Amino acid sequence: MAIGDSIRRHPLLRLLVSYIGGIVLADVLYPCSLSLMWVGVCGAVVLLAVMVIVLLSRRQTSQTAYGLAASALFLFIGMGNYALVRERMDYPWSPKAQLYEARVVDEPRARERSTQCVVEVTAVRDSVAWQRVGRKVLAYMEPCAAADSLMAGDLLCFRGRVQPPRNFSDSLTFDYARYVTMQGMSGTVYLPRTRWSKVGEVSLSFRERMLRLRAHVGHEYMSRTFEDDVLGVLSALILGDKRGMTKELRAVYSDAGVAHVLALSGMHVGIIYGILAFLLRGIIRRRRLRWLPEVLIIAVLWVFALMVGMSASVVRAVAMCTLYAVARWASGGDSSSLHLLSLTALVMLLVRPIYLFDVGFQLSFMAMVAILWLEPHLEALFQKHRLHPVLAYLVGIVCMSLAAQLGTFPLVLYHFGSFPTYFLVTNLVIVPALFIIVVLMLVWWVLTLTHLPLAQPFGTLLQCLVEMLNRGLTHISHWPGAVVHVEGYTALAALFTYFFILFVGLFILKRWPRGAVLALASLLGLLLVFLF
């Protein structure tokens, strides 16, 4: 069996699938009359005890039985861990307005009718004394200069009525309450300007210092040289801050099929990794200290991840780089890409199981899975011919883009209901353009911080390059049929679509005869979903 052989070669993949199954099961059942956390804990303890007893008794047990027991163990761990996180997020908020003390944990985001700010409510004042809370709340503040000037680490005092996340009455399709909950929020609150005040600052964590550094770089340096849409695009591409981009410009990047570059991911981390590796290559020549440049690069990448807000896609990319370096150092370490990807996903979900429901996490990992699985086979079709280096480079971009889109388009249709049709054309432009922009931006930063006169010409060059990019993408987004809209595309439809892609790939690439039959069955299931 093609699928079974693949899973047996990658035992971590089997454990990851079991763990994800536990999270999904707990999410479906939560909340219920039983405590899912204790069900998961008790189930995991019982299975672990049985495995240890059998191992100590030295009885002959098949590898399959141990594999099933390990899978069941991770299923219960996934259930217990997810339920634990959800129970820690829940809080009995009072239906009446109360006095709260809170700490700003992220930079405010200006919206059309309010300023959105994530705060951690540290304490609430009842009739007797202050009581500890320790829950994150999404605060919608009345637009004002004071709200826009808030920074991570500021201490607030407000009076309001915090409510558990709930859907708006005019929203028929978007589950806002679930979206806010999966962002780790325990509640929401609306705060007029007269109901809150900044009362000082607290000792800043390292992450908050990095967020302040990002704000400082954006406001004190970039805003002096770049303007309007160019500043918004550069802040998104380099700092992961999309607040400066207009809704119209975001739609242009989405319709052109290059919205993924606005979410910092493996492409950005790979470029930074390559630049740092090139700069540090050959600096340390002692054999015993050859590991030092790699440690420095990994440290810089984690600082960069903290600075840009620790999004799921960036954490995934930096974690993979870290695990790859560790696997290379460890004797006999398995550094295969799929093994590292499975380990990265498992570690991230162990730390934060609600990552599974983050759109960025889903798109990032599915794109990587498709690239690792499909891209080598697609490039093999062209390896029979001797191509010019430039043509070979373009073919590589097309193969990578096609594989990534095949891996993500069911999720894109499910979450956004649309799909860009000219993604191959735009990615031929955006991939080399992104590399040039990142390199020029790093050079501009060095020149600006050292007050060298060449900073201005580099800034002008960047301004012209991004303006040309924006105009080109705007033109492509207006081509006929640039976006395909699909209504009623459910999660079940996305699942059948993935089954269809998987079985077609196994039939064509692995010559698995049953793949054709299962692909037709998946296609039939997809049709039934749309019909009924």
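Which handedness does the crossing of helix 14 and helix 18 have? The crossing is left-handed. That pair is the opening stop of this tour, which goes through a predicted model.

**Stop 1: helix 14 and helix 18**

Select residues 359–380 for helix 14 and residues 491–509 for helix 18. Their axes come within 11 Å and cross at roughly 20 degrees. An angle under 35 degrees counts as roughly parallel, and helix 14 and helix 18 are therefore roughly parallel to each other. Now show the side chains where the two helices touch. From helix 14, pick M366, W373, L374 and H377; from helix 18, pick Y498, I501, L502, G505, L506 and L509. Colour them by class: the contact of helix 14 with helix 18 has eight nonpolar residues, two polar ones and no charged ones.

**Stop 2: helix 15 and helix 16**

Next, select helix 15, residues 389–416, together with helix 16, residues 423–449. How far apart are the axes of helix 15 and helix 16, and at what angle do the helices pack? The axes are 9 Å apart, and the angle is about 120 degrees. Helix 15 and helix 16 are therefore oblique to each other. Helix 15 passes helix 16 in a right-handed crossing. On the helix 15 side, the contact is made by Y393, L394, I397, V398, S401, L402 and Q405. On the helix 16 side, select F423, L424, N427, L428, V431 and P432. By class, the contact of helix 15 with helix 16 comprises 10 nonpolar and three polar residues, with no charged residue.

**Stop 3: helix 16 and helix 17**

Helix 16 passes helix 17 in a left-handed crossing.

Which residues of helix 16 meet helix 17? Select T426, V429, I430, I436, I437, L440, M441, V443, W444, L447 and T448. Across from them, helix 17 contributes A455, F458, G459, L461, L462, L465, V466, L469, L473 and I476. Sorted by class, the contact of helix 16 with helix 17 has 18 nonpolar residues, three polar residues and no charged ones.

**Stop 4**

Move on to P480, which lies in the loop between helix 17 and strand 9 (483–485). Is P480 buried or exposed? P480 counts as exposed, because its relative accessibility is 70%, and the exposed class starts over 50%. Draw a distance from the C-alpha atom of P480 to that of T421: these atoms are separated by 9.9 Å, while the residues are 59 apart along the chain.

**Stop 5: L155 in strand 5**

Go to strand 5, residues 154–160, and select L155. L155 is buried, with a relative accessible area of 16%. Which residues does L155 contact, leaving aside its neighbours within four places in sequence? They are E101, A102, R103, S197, K198, V199, G200, E201 and V202.

**Stop 6: the cysteines**

How many disulfides does the structure hold? The structure holds zero. Select C117 and C144 to look at one case. The C117 sulfur has its closest cysteine sulfur in C144, 11 Å away, which is too far for a bond. C117 is buried, with a relative accessible area of 0%. C464 counts as partly exposed, at 37% relative accessibility.

**Stop 7**

D228 is found in helix 8, residues 228–239. Its phi is near 50 degrees, a positive value in a residue other than glycine. At 63% relative accessibility, D228 is classed as exposed.

Then select M310, in the loop between helix 11 (292–307) and helix 12 (312–329). What is phi of M310 near? Phi of M310 is near 55 degrees, again a positive value in a residue other than glycine. M310 is partly exposed, and its relative accessible area is 25%.

Definitions and conventions
Residues are numbered from 1 along each chain as its sequence is written. This is a predicted model: local features need pLDDT of at least 70, side-chain atom pairs count only at pLDDT 80 or more; totals for chains, interfaces and linings use all residues. Side-chain values use heavy atoms; hydrogens and water are left out. Axes are lines fitted to C-alpha atoms, for helices over the stretch in contact, and angles run from 0 to 180 degrees between N-to-C directions. Helices (H or I, at least four residues) and strands (E, at least two) are DSSP runs, numbered from the N terminus. A crossing is left-handed if the near helix is turned anticlockwise from the far one by less than a right angle, and right-handed if clockwise. Contact means heavy atoms within 4.5 Å. Ala, Val, Leu, Ile, Met, Phe, Trp, Tyr, Cys and Pro count as nonpolar, Asp, Glu, Lys and Arg as charged, and the others, Gly among them, as polar. A disulfide is a pair of cysteine sulfur atoms within 2.5 Å. Buried means under 20% relative accessible area, exposed over 50%, partly exposed in between (1.4 Å probe, protein chains only). Angles under 35 degrees count as roughly parallel, over 145 as roughly antiparallel, 65 to 115 as roughly perpendicular and the rest as oblique.
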